Amino acid sequence: MGEEEVSNKQIILKDYVHGFPKESDFLFKTSSTIKLKLPDDSHDAVLVKNLYLSCDPYMCHRMRGVVFNYTPPFTPGSPINGYGVSRVVDSSHRSFSKGDLIWGITGWEEYSLITDTSSLFKIQDADLPLSYYTGLLGMPGITAYAGFYEVCSPKKDEIVFISAASGAVGQLVGQFAKLMGCYVVGSAGSKDKVDLLINKFGFDAAFNYKEEEDLNAALKRYFPDGIDIYFENVGGKMLDAVLLNMRLRGRIAVCGMISQYNLEEHEGVRNLFCLVTKRVRMEGFVVLDYYHLYPELLELVLPLIREGKLTYIEDIAQGLESGPAAFVGLFSGRNVGKQVVAVARE
């Protein structure tokens, strides 16, 4: 009997991108087909049906052909890939069986053959929304947990500032800080997002950075006594202003710099000498170095989710074909909460 073969819609990167990514940089391809069985010579591989895909800002580096030591560039003419949630269709790997739900790196397509399974995690708690494994219970969750608890070394009653605070990582860092008894302020790019930070996530205060002509003055207004911890997501002018407002022996965890990702020439930072005068520690980090903390994250957040003490907001685009627009929207702040693409329902 012949093996079942199905069509496999894909999102293809046409060519490397300069400047801000556009929807026209992608091709939605419907002509590909795939067999729903692994090749006989496959070892430690899985064939999966993709359910949810994650839109993450770091992916734009891979579209530009930039080589980093932790993530390779995309290949023009091939499907892009990133974090997602999938169901195993066939497996030659002893840790994964047909029918298992997993999260990790997969292709932006309906079905993917994954030969590098090092990034895959089996989902044990499927009673929660599976889309959460692109965010709160996936890579952004580990990022928030490691960045706040490990890099920031927080203490009760400290003053915490989070930029891009309504995004996938920022909304979690703010809630972790509140659970620890910190005073928390976030910045975001619209009134609706500011309201969300205060009324949904429980931040003590928040402001729309787009309405502030002088970021230094804004920070002095919200932090008259200075900032102990800054969770950095945007870089540029915001980082420069924050450096002037850090407290003695403050900590800055550099998670990302989304304001700089698509600039041909990055903005300079003028106030770095504040690191010396205020004895501030600024440390960049990459989530790949902290995957070993995933069990700790689950131990903390699973009870909080089930008790309604931790909130997570998602912006879910429907259909693989909506992926390019959803991804491009990240860089204009179009999404509210974690941007997810729903490829298929259960």
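Helices (H or I, at least four residues) and strands (E, at least two) are DSSP runs, numbered from the N terminus. All views show a predicted model, in which local features need pLDDT of at least 70 and side-chain atom pairs count only at pLDDT 80 or more, while totals for chains, interfaces and linings use all residues. Residues are numbered from 1 along each chain as its sequence is written, and side-chain values use heavy atoms, with hydrogens and water left out.

**View 1. Helix H2 and the residue that follows.** After H2 comes Ser153, which has a positive phi near 45°.

View 2. S12 is joined to strand S11 (residues 183-188) by four bridges in the parallel sense, and Ser187 stands opposite Phe207 of S12.

**View 3. Ala177 in helix H3.** Ala177, which has its place in helix H3, is buried, with a relative accessible area of 0%. Leaving out residues up to four places away in sequence, Ala177 touches Phe148, Val160, Cys182 and Val184. Although Ala177 and Pro154 are 23 residues apart in sequence, their C-alpha atoms are 8.0 Å apart in space.

**View 4. Strand S7 and its antiparallel partners.** Strand S7 covers residues 101-107, six of which are buried, so the strand is largely enclosed by the rest of the structure. Seven bridges pair S7 in the antiparallel sense with strand S6 (residues 81-91), and Gly84 has Gly104 of S7 as its bridge partner. S7 also pairs with strand S9 (residues 121-122), again in the antiparallel sense, over two bridges; here the bridge partner of Trp103 is Phe121 in S9.

View 5. Thr106, found in strand S7, is buried at a relative accessible area of 4%. Apart from residues up to four places away in sequence, Thr106 touches Val48, Asn50, Leu53, Asn81, Gly82, Gly84, Ser86, Ser112 and Ile114. Ser91, which belongs to strand S6, is partly exposed, with a relative accessible area of 22%. Beyond its neighbours within four places in sequence, Ser91 is in contact with Leu38, Ala45, Val46, Phe96 and Ser97. The C-alpha atoms of Ser91 and Ser42 are separated by 9.0 Å, while the two residues lie 49 residues apart along the chain.

**View 6. Helix H6 and the second largest pocket.** Seven of the nine residues of helix H6 (residues 236-244) are buried, namely Gly236, Met238, Leu239, Asp240, Ala241, Val242 and Leu243. The second largest pocket holds about 170 Å³ of space; a pocket is an open set of points on a 1 Å grid over the protein atoms alone where a 1.4 Å probe fits, with protein on both sides within 12 Å along at least five of seven lines, and lining residues have an atom within 4 Å of a point. The volume is the space filled by probe spheres set on the points, which are joined across faces, edges and corners. The lining consists of Asp214, Leu215, Asn216, Gly236, Lys237, Asp240, Ala241, Leu244, Glu267, Gly268, Arg270 and Asn271. Helix H5 (215-222) and H6 are the elements that give two or more residues to this lining, and H6 gives the most, with five residues. By class, the lining has three nonpolar, four polar and five charged residues, with Ala, Val, Leu, Ile, Met, Phe, Trp, Tyr, Cys and Pro counted as nonpolar, Asp, Glu, Lys and Arg as charged, and the others, Gly among them, as polar.

Note on methods: Pairing = 2+ DSSP bridges. Buried < 20%, exposed > 50% of the residue type's maximum accessible area, 1.4 Å probe, protein only. Contact = heavy atoms within 4.5 Å.
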